[in-house]
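Please keep the sequence and the structure in view while reading.

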Amino acid sequence: MLRGRARRDQGADVTGTERAGGDPLDAAQERRVRAVLALGGVPQSDLPDGVQQVRLRLLERTASGREAPRDVSAWAAVVASNLAMDWHRARRRRDRLGERLAAVHEAAHPSGEEGSLLSLVVARGLDELPATQRQVVVLRFFADLPVRDIAGELGIPEGTVKSRLHTAVRALRERLHEDEVV
């Protein structure tokens, strides 16, 4: 046991966070991180990404000049636990978005020939929009997100979202009038 600890200490730098070869986590710490992620419900296919996220956060911490955690193994386990919770939150968001899109899709398709024609014209109109405008239209009207959330998701000001929506809706309206659907 003491020999193993001595070997680990030989590979550590002054801060104790970076092992030989530049890896901030030793094998035991990596196994612990994988176990925490797996117990947190993260699928096996996403475990390597989770381990890399823990490494990245440890490297960012030391690169920013903050003191290294006293117990890297415990710190890494806490970070892994937080990552597992983040993974579940993201999955729930995706599931809810998918459910909302499916519900809107069903409600937006009226039955009959008139509904089919309208759907075709709107789909063609959306295809003709620039990608930035199409993106905000889909998020606003199909995903039912408010302007503030769209701006946050896309990393653009709310005014830009409103402007793109206005331009896109005007273009779609003109398309519907041109095809004499409305």
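The model discussed here is predicted.

Helix α2 spans residues 27–39, and its 13 residues reach 18 Å from the first C-alpha to the last. Within α2, the residues Gln29, Val33 and Leu37 are buried. They lie on the same side of α2, because they cover an arc of only 75 degrees around the axis. An α-helix has 3.6 residues a turn, so residues three or four places apart point the same way. The exposed residues Arg31 and Leu39 sit on the face of α2 that is turned away from its buried side.

## The ends of helix α2

At the start of α2, a side-chain oxygen of Asp26 comes within 3.1 Å of the backbone nitrogen of Ala28. Just after α2, Gly41 adopts a positive phi of about 95 degrees.

## Salt bridges

How many salt bridges does the structure hold? There are five. One of them joins the side chains of Arg55 and Glu30, at 2.5 Å from N to O. Arg55 belongs to helix α3 (residues 47–63) and Glu30 to helix α2, so this pair ties together parts that are 25 residues apart in sequence. Arg55 counts as buried because its relative accessibility is 13%.

Arg89 and Asp86 form another salt bridge, with their closest N and O atoms 3.0 Å apart. Both residues lie in helix α4 (residues 72–108), three residues apart, or about one turn of the helix. Arg89 is partly exposed, with a relative accessible area of 40%, and Asp86 is partly exposed at 33%.

How values were computed:
Residues are numbered from 1 along each chain as its sequence is written. This is a predicted model: local features need pLDDT of at least 70, side-chain atom pairs count only at pLDDT 80 or more; totals for chains, interfaces and linings use all residues. Side-chain values use heavy atoms; hydrogens and water are left out. Helices (H or I, at least four residues) and strands (E, at least two) are DSSP runs, numbered from the N terminus. The expected span of a helix is 1.5 Å times one less than its number of residues. Buried means under 20% relative accessible area, exposed over 50%, partly exposed in between (1.4 Å probe, protein chains only). The arc is that of the directions from the helix axis to the C-beta atoms. A polar contact is a pair of N or O atoms within 3.5 Å; within protein, one must be able to donate a hydrogen and the other to accept it, and residues adjacent in sequence count only if both atoms are side-chain atoms. A salt bridge is a side-chain nitrogen of Lys or Arg within 4 Å of a carboxyl oxygen of Asp or Glu.
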